[in-house]
Amino acid sequence: MKVVKFELWECVRNENVFDAARSGSAPMPWDVVVLRLTADNGVSGVATACAARSGRITMDYLKEICAPVVLGRDATEREAIWQEFRTIDRHIAFFPNFITGPIDVALWDIAAKSANLPLFRYLGACRTSLPVYASSLWKNTPADYVVEAKQYATRGFKAYKAHPPGPWRLDIEIHRALREELGAAHVLMTDPVADYTLEAAIRVGRDLEKLDFHWFEEPFRDLEFSKYAELCRVLDIPVAATEALSGGIHSVAQVIALRAADIVRADVSWKQGVTGTLKAARLAEANGMQCEIHCTTMGPMDIANLHVSCAICNCEYFELLVPEDFFRFPMKDPYPIDTEGIIHVPEKPGLGVEIDWEAVENTCRQHVKLEL
């Protein structure tokens with residue numbers, strides 16, 4: 001199964017979905033690069049790469065640095081390609097976290113399709129479904145979070161994660177409002193996205209413990225290992241981290257060794273594909289930890305996450321960033337979520353989803369096709 005064609009579409013969406021505090025003064029449209037690899041047996045694998053602020057940069061990395069590594073290689077040489085990218089990253093490229101993951105996903109898609117198996121069964125199935133939690137964007141008031149959480153509760157979702165906007169005292173109000181309005185049985189998490197001091201995180205964490213929140217995610221910047229370790233030491237609520245941490249599984253290993261997280265985070269976009277995410281999950285499993293898979297903000301990659309999550313034993317939930325329709329692009333299928341808030345992994349070969357190629361073409365600014 002030699003890879004004979006490498007195609008890219010830079011899709012421009014012209015919509016900024018994040019608040020000014022996160023996106024800053026530079027434009028941040030949520031663009032996407034679509035990747036398709038085709039093998040000499042006629043089977044294609046598809047994936048997507050994040051291109052917010054960086055569509056042309058993402059295209060250049062994939063075209064100039066990644067394509068020469070992949071074209072002409074056997075599609076089954078995933079581990080060798082993954083290791084070569086790690087070497088290139090250190091000595092030449094300094095990849096953004098999200099560059100090489102899509103290539104790995106597309107290679108796994110080819111392999112599973114060629115075996116006529118859904119990806120999770122090709123990996124080794126553990127289950128066929130997971131409960132979903134709705135994961136918010138940033139909102140202005142506690143009432144805004146309550147309204148959204150209740151909306152998804154009426155759809156059967158039994159869990160909700162807030163991304164509170166700060167400062168920490170407002171975040172506490174949001175957490176309290178959610179628990180009061182959703183009731184004791186609803187599963188709640190929070191992710192303030194790296195904005196707290198250690199003192200603030202301890203205060204918020206202790207309040208979360210009283211409110212019976214399920215986990216407390218990434219209150220600090222990624223490399224602040226000593227703060228994470230101290231927070232894990234003083235709190236009983238599990239602290240989740242490593243989502244956006246650079247360095248892949250090797251950084252995750254350091255976090256685990258330093259006891260700087262109770263729950264590991266990984267996904268196929270930011271942790272170098274299915275291969276990297278499986279490595280992170282196995283590493284966490286070996287240390288008695290959960291590996292909660294992080295959403296990618298792109299439908300096909302989220303479904304790749306679902307396949308991985310259903311092939312491992314230490315992931316409890318599927319994260320759905322909401323409102324989900326915007327983040328489904330370029331996947332034609334709706335997310336396969338039932339009325340009880342359970343997502344079911346596709347049983348078709350490979351990723352098992354259909355790409356909306358008309359939408360891809362309609363938003364395409366640049367199409368690159370490289371062939372042997």
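Predicted model: local features only at pLDDT ≥ 70, side-chain atom pairs only at ≥ 80, totals over all residues.
Student: Why is the pair of tryptophan 9 and tryptophan 357 called tilted?

Tutor: The two ring centres are 4.9 Å apart, and rings pair if their centres lie within 6.5 Å. Their planes stand at 55°, whereas stacked requires under 30 degrees and edge-to-face over 60, so the pair is tilted. This is one of 11 aromatic pairs in the structure, and it links distant parts of the chain, with tryptophan 9 in strand β1 and tryptophan 357 in helix α14, 348 residues apart.

Student: How do you know whether tryptophan 9 is buried or exposed, and what of tryptophan 357?

Tutor: Buried means under 20% relative accessible area and exposed over 50%. Tryptophan 9 has 2%, so it counts as buried, while tryptophan 357 has 26% and is therefore partly exposed.

Student: What makes you say that a charge sits over the ring of tryptophan 357?

Tutor: The charged end of arginine 36 is 4.7 Å from the centre of that ring, and the distance cut-off is 6 Å, with a further condition of lying within 35 degrees of the ring normal. Another such case is arginine 78, whose charged end sits over the ring of tryptophan 108, 3.8 Å from its centre.

Student: Why are β3 and β13 said to stand at the edges of their sheet?

Tutor: The open sheet has four strands in the order β3-β2-β1-β13, with antiparallel pairing. β3 and β13 each have a single partner strand, so one side of each is left without a neighbour in the sheet. From one strand to the next, the twist averages 15°.

Student: How do you know that β1 and β2 pair?

Tutor: Two strands pair if there are at least two bridges between them, and eight bridges join β1 to β2, which run antiparallel. By the same cut-off of at least two, β4 pairs with β5, since two bridges join these strands, which run parallel.

Student: Why is helix α3 called roughly perpendicular to helix α11?

Tutor: The two helices pack at an angle of about 85°, with their axes 9 Å apart. Angles of 65 to 115 degrees count as roughly perpendicular, which makes that the name for α3 and α11. Where they meet, Arg78, Glu79, Trp82 and Gln83 belong to α3, and Thr275, Gly276 and Lys279 to α11.

Technical notes: Residues numbered from 1 in each chain as written. Heavy atoms only, no water. Phe/Tyr/Trp six-rings, centres within 6.5 Å; stacked < 30°, edge-to-face > 60°. Buried < 20%, exposed > 50% of the residue type's maximum accessible area, 1.4 Å probe, protein only. Axes fitted to C-alpha atoms, helices over the stretch in contact; angles between N-to-C directions. Parallel < 35°, antiparallel > 145°, perpendicular 65-115°, else oblique. Contact = heavy atoms within 4.5 Å.
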